[in-house]
Amino acid sequence: MTIQFLGAAKTVTGSCYYVKVGDIQFLVDCGMFQGSDELDRMNHDSFPFDPAQIDYVFLTHAHLDHCGRLPLLVKQGFHGKIICTQPTRDLTKIVLLDAANLQKEEENRWIAKAKKTGIAVAEENKALYTEDDVDDLMKYFEVYPYGNSVNLTKECEFRMRDAGHILGSSIMEFWLTNEAGRLRKLVFSGDLGQPGARIVSDPDMVREADYVICESTYGNRNHKDRNETALELLAALKDAQQEGGNVIIPSFAIERTQELLYEINLFVENGLLESMPVYLDSPMANKATEIFKQYPTFYDDDARRLLKNGDDPFEFKNLHNVDTVEESKRLVEKHGIVIIAGAGMCNGGRVVHHLANNISDPRTHIIIVGYQVEGTLGRKIVDGERFVTINGQEYENKAKLYTLGGFSGHSDKRDLMYWLRGFGHTPQMIFLVHGDQQIMSDFADLITKEIQPNVYMPDYREEVTLR
Ligand SMILES: [Zn+2]
């Protein structure tokens, strides 16, 4: 039995793990690399396996860095099953359609350039897949609920547990019989959510495993308290309201946006905030919100209670959905408004022109609610760079910055340690993935000291035999 680490190895994107056991081969996730030109290029690398031979893909959740290369698999001959929860399947579809669209736009830009220069478009600048490829992919999905153990083959049984990260996100448990006839249990954490987060439940604890493949995004720091963060958001909104400036919240379309709406809904409904125009300027976030509304059984108790009492957590007075690009551009005429727009790391999407329009105005409030990968515009803003380049033009950054770590969709150091302690002393090895190198080694040191000595940080494409 072997596992090969084909992504999220000493980096935070491109999650993909390739497992061979007995007669079967499967992947856990097949995500896209993001954050720099070099990482973008890696999406064009060929797979070190034959996609036609892959029997299953277990998809932990719908974020692009976990599902973004699935259509490529199908284009290259995959005809197995993609296993996940219902919300993951539906959210994955909108995430991939959006990705296909962005790739097409990018390719068109290169084609236009090529026409001028006469130099052909390089392979790495072509779209990886189209909307049709995404539609084609959807027929391979097979959905399961949390908590049911399923015997797929004589050597593979699996169960999905709630990872509490985004709606439908899963921890994957596997019971695999290796070539020597021994049963081995593998647990993939997927991305683990933050206990106490809105809408989703807390991550399920898993009690035993021989091998744990654990994310480590925030392995060396703790988030601010959740309630304190909500109060900071309230204070930032009130401050902006007083100054008449705009609030720009770069937000991930899935989960973070819905959590923000949920939070603002509570402020308005409880009379803590005077109604303020909120523009949700992300067609993808709007679609995601519709999917959230379809699956209330995946909510935590608080969100279900709210809904039962007749308060739709995603609706409040003065919330406007922005559809077209023209409508989005017209927001430049408005003041004293909140704009929630993607992309979450400001490396594309409509938030880019809102930042260009607002960043040099000292009344502007930029609220960062998620992790910003090295190299992105979002990271430059968080790092306080005084001058930033947006769409090829330099702007002086005079906006007020709020970094609200407490809204993170990920477990922090404390939460991850708590989750890992749940295994007791059973794992032979904890593999750390999905983290920047320094953060990961700090986290590895902590685990070695406090839980158990066998911690390993695999390299990209490294293959490990599991005995
Ligand atoms: Zn994620």
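**Entry 1: two helices side by side**

I began with helix α4 (residues 86–117) and helix α8 (residues 283–294) in this predicted model. I found that they pack at an angle of about 170°, with their axes 10 Å apart. Angles over 145 degrees count as roughly antiparallel, so α4 is roughly antiparallel to α8.

Next I asked myself which residues of α4 meet α8. On the α4 side I noted P87, D90, L91, I94 and D98. Their partners in α8 are M284, K287, A288 and I291. I then sorted this contact by class, and it has 6 nonpolar, 3 charged and no polar residues.

**Entry 2: the domains**

I looked up the domain assignment, which gives domain 1 as 2–221 + 411–465 and domain 2 as 226–407. How far apart do the C-alpha centres of domain 1 and domain 2 lie? I read off 27 Å.

The two domains do touch: 22 residues of domain 1 are in contact with 23 residues of domain 2. On the domain 1 side of that contact I listed 11 nonpolar, 8 polar and 3 charged residues.

**Entry 3: the whole protein**

I went through the secondary structure and noted 14 helices and 22 strands. The radius of gyration is 22 Å, close to the 23 Å that the globule rule gives for 467 residues, so the protein is as compact as a globular protein of that length. Along the principal axes, the C-alpha trace spans about 70 × 60 × 40 Å.

I also checked burial: 45% of the 467 residues count as buried. Last, I looked at contacts with a separation of 6 or more, and 75% of them come from residues 24 or more positions apart.

Conventions
Residues numbered from 1 in each chain as written. Predicted model: local features only at pLDDT ≥ 70, side-chain atom pairs only at ≥ 80, totals over all residues. Axes fitted to C-alpha atoms, helices over the stretch in contact; angles between N-to-C directions. Helix = DSSP H or I, 4+ residues; strand = E, 2+ residues; numbered from the N terminus. Parallel < 35°, antiparallel > 145°, perpendicular 65-115°, else oblique. Contact = placed C-beta atoms within 7 Å. Nonpolar A, V, L, I, M, F, W, Y, C, P; charged D, E, K, R; others polar. Domains from an automatic or database assignment. Rg over C-alpha atoms; globule rule 2.2 N^0.38 Å. Buried ≥ 20, exposed ≤ 12 C-beta atoms within 10 Å, placed from the backbone.
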